Amino acid sequence: MLIDDLRGMWYLMLKDLRAYYLKPPNISWGILFPFAFVLAFVIRDRQDLETLVPGLLALTLLFGTSSMEAIVITFERRIGALERLMLAPLRLWALLAGKLLGGMVFG
């Protein structure tokens, strides 16, 4: 039973990565967003880059992955894919872990 849940989590993560995360707009946004964020704070506060970059990159990863995860879940709910996933022979914790795993790998 645990092997089936782990396999389901793996394939759910792969599905989310292919369908939502690894699209060109997400990749380009993930590359450009940290630079725009750093540039905005450097221009505004004239702070040193060595102290600013680690925190801003952490915030970028947090907001980028968590906002994408929310979009994926609401989109799948709207098109009815989430209901089909709930009917799959997969426990709820494995379904949620597979969804979260996709966002973690993307981050």
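This is a predicted model: local features need pLDDT of at least 70, side-chain atom pairs count only at pLDDT 80 or more; totals for chains, interfaces and linings use all residues.
Let's start with the whole chain. The secondary structure comes to five helices and zero strands. From the N terminus, the order is α-α-α-α-α. The radius of gyration is 17 Å, well over the 13 Å that the globule rule gives for 107 residues, so the chain is more spread out than a compact globule. Along the principal axes, the C-alpha atoms fill roughly 55 × 30 × 20 Å.

Now burial and surface. Of the 107 residues, 31% count as buried. The chain exposes about 7400 Å², and carbon and sulfur atoms supply 74% of that. Residues 24 or more positions apart account for 69% of them.

Next, helix α1. This helix covers residues 2-21. Several α1 residues are buried, among them L12, M13, D16, L17 and Y20.

Let's stop at D16, which lies in α1. Why does D16 count as buried? Because its relative accessibility is 0%, and the cut-off for buried is under 20%. What does D16 touch? Setting aside neighbours within four places in sequence, D16 is in contact with Y21, V72, E76 and K99. The side chains of D16 and K99 make a polar contact at 3.3 Å.

Note on methods: Residues are numbered from 1 along each chain as its sequence is written. Side-chain values use heavy atoms; hydrogens and water are left out. Helices (H or I, at least four residues) and strands (E, at least two) are DSSP runs, numbered from the N terminus. Buried means under 20% relative accessible area, exposed over 50%, partly exposed in between (1.4 Å probe, protein chains only). A polar contact is a pair of N or O atoms within 3.5 Å; within protein, one must be able to donate a hydrogen and the other to accept it, and residues adjacent in sequence count only if both atoms are side-chain atoms. Contact means heavy atoms within 4.5 Å. The radius of gyration is taken over C-alpha atoms; the globule rule is 2.2 Å times the number of residues to the power 0.38. Accessible areas come from the Shrake-Rupley method with a 1.4 Å probe; for residues, only the protein chains shown count as cover.
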